[in-house]
Amino acid sequence: MKNSRLFLFLFLSFSILATSCSKDDDDPKVGDCSTVCAGIIASGETAGTVAPSVVGKYTLTMQYATANSPFPDGTIGEFEVYSDNTLYAKIGDKCVTISNPIQSGTAEVVFKDTCMFNLKFGVSEKNGGGLNEINIGNSTEFLGQFHL
């Protein structure tokens, strides 16, 4: 009887530890994406700082997609904006974590992804604070917006 109680105690203890330490694959984090891209700040550009009010995790929908957009209207994207000036973007089965944004205005920082999607992601803040949208474009044109 003592052995069965000991076995049950050990089994339950191990089960609790194993489940409490498991990784939640549905929760995107910087380390979960194997593609990490450090944006290059070119001459004449200013390093950007993410506004504290836009830090957070978002599921957004593509709107206003242009004919050249790689994502049609209705495409869902998962984004996480971090206070350390990092952006996680997952669209479809591809993801990238981008650092080193540039400042493109008082309310927007742009993350240059040259590793996965080859796009610029403009994280835009609302006038009163909070995320307004994430604009996408390439080196020459605007391609659409991901909205709440």
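Phe 71 and Phe 117 are both buried, a word used here for residues under 20% relative accessible area, with exposed meaning over 50% and partly exposed anything in between (1.4 Å probe, protein chains only). The model is predicted, so local features are given where pLDDT is at least 70 and side-chain atom pairs count only at pLDDT 80 or more, while totals for chains, interfaces and linings use all residues. Residues are numbered from 1 along each chain as its sequence is written, and side-chain values rest on heavy atoms, with hydrogens and water left out.

The rings of Phe 71 and Phe 146 form a tilted aromatic pair, 6.0 Å centre to centre with 55° between the planes; rings of Phe, Tyr and Trp (its six-membered ring) pair if their centres lie within 6.5 Å, and planes under 30 degrees apart count as stacked, over 60 as edge-to-face and the rest as tilted. Because Phe 71 lies in the loop between β2 and β3 while Phe 146 lies in strand β10 (residues 142–147), this pair ties together parts that are 75 residues apart in sequence; strands here are DSSP runs of E with at least two residues, helices are runs of H or I with at least four, and both are numbered from the N terminus. Phe 71 has a relative accessible area of 9%, and Phe 146 is buried at 0% relative accessibility.

By the ring rule there are 5 aromatic pairs. Another of them joins Phe 71 to Phe 117 edge-to-face, at 5.8 Å centre to centre and 75° between the planes. Phe 117 sits in the loop between β7 (108–113) and β8 (119–125), and Phe 71 in the loop between β2 (56–63) and β3 (76–82), so this pair connects parts 46 residues apart in sequence. Phe 71, Phe 79, Phe 117, Phe 121 and Phe 146 together form one aromatic cluster.

Some of these residues return in the largest nonpolar core, which has 26 residues and in which Phe 79, Phe 121, Val 123 and Phe 146 have the most contacts; such a core is a set of buried Ala, Val, Leu, Ile, Met, Phe, Trp, Tyr and Cys residues joined through side-chain atoms within 4.5 Å. Two or more residues come from each of β2, β3, β4 (86–91), β5 (94–99), β7, β8, β9 (131–137) and β10. Leaving aside neighbours within four places in sequence, Phe 79 is in contact (heavy atoms within 4.5 Å) with residues including Leu 60, Leu 87, Ile 91, Phe 121, Ile 134 and Phe 146.

Side chains of opposite charge can pair when their charged atoms come close. The structure holds 1 salt bridge, meaning a side-chain nitrogen of Lys or Arg within 4 Å of a carboxyl oxygen of Asp or Glu. This salt bridge joins Glu 45 to Lys 112, with the closest N and O atoms 2.7 Å apart. Glu 45 lies in the loop between β1 (36–38) and β2 and Lys 112 in strand β7, 67 residues apart. Glu 45 is partly exposed, with a relative accessible area of 30%, whereas Lys 112 is buried at 15%.

Strand β7 also holds Glu 108. Not counting residues up to four places away in sequence, Glu 108 touches Ile 102, Gln 103, Gly 122, Val 123, Ser 124 and Asn 135.
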